[in-house]
Amino acid sequence: MRKFSGFSSENGKNFLLEFESFCTYQNLNSDERKVAAFHLHLSRPALIWFNALKVENILTWFALKGAFTAQYAKHGMFDPDLVAESAVFESLKLD
């Protein structure tokens with residue numbers, strides 16, 4: 001299972017489908033296990049997004065899936081907000 005970074009070149013809908021298939025294959029049935037596994041499959045801006053979520057958005061898989069869909073899967077890969085966010089993140093440099 002690949003990781004999701006949240007960049008505009010990635011497809012959030014496909015990632016969700018792959019992740020849910022992964023959960024079925026790995027027998028991850030509880031909300032806690034799905035949320036924990038989901039967290040491990042995020043990186044870069046998507047991981048920062050996850051870590052900034054309110055607690056109520058990570059208590060259940062349904063809530064987390066809804067938050068993820070609103071952020072990354074409801075728009076096309078060329079959504080202006082997502083493109084701008086990705087460009088800003090890529091331009092950041094640690095000193």
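This is a predicted model: local features need pLDDT of at least 70, side-chain atom pairs count only at pLDDT 80 or more; totals for chains, interfaces and linings use all residues.
View 1. The buried residues of α3 are Pro-45, Ala-46, Trp-49 and Phe-50. Buried means under 20% relative accessible area, exposed means over 50%, and partly exposed lies in between (1.4 Å probe, protein chains only). An α-helix has 3.6 residues a turn, so residues three or four places apart point the same way. Turned away from the buried side, another face of α3 carries the exposed residues Ile-48 and Asn-51.

**View 2. The largest nonpolar core has 20 residues.** Such a core is a set of buried Ala, Val, Leu, Ile, Met, Phe, Trp, Tyr and Cys residues joined through side-chain atoms within 4.5 Å. Trp-49 and Phe-50 are among the members that touch the most others; so are Phe-4 and Phe-38. Helices α1 (12-25), α2 (31-40), α3 (44-51) and α4 (61-73) each supply at least two residues. α4 gives the most, with six.

**View 3. Phe-38 has contacts with residues including Phe-15 and Trp-61.** Contact means heavy atoms within 4.5 Å. Leaving aside neighbours within four places in sequence, Phe-38 also meets Leu-16, Phe-19, Leu-64 and Phe-68.

**View 4. The protein chain has five helices and zero strands.** Helices (H or I, at least four residues) and strands (E, at least two) are DSSP runs, numbered from the N terminus. Buried residues make up 35% of the 95 residues.

**Notes.** Residues are numbered from 1 along each chain as its sequence is written. Local features need pLDDT of at least 70, side-chain atom pairs count only at pLDDT 80 or more, totals for chains, interfaces and linings use all residues, and side-chain values use heavy atoms, leaving out hydrogens and water.
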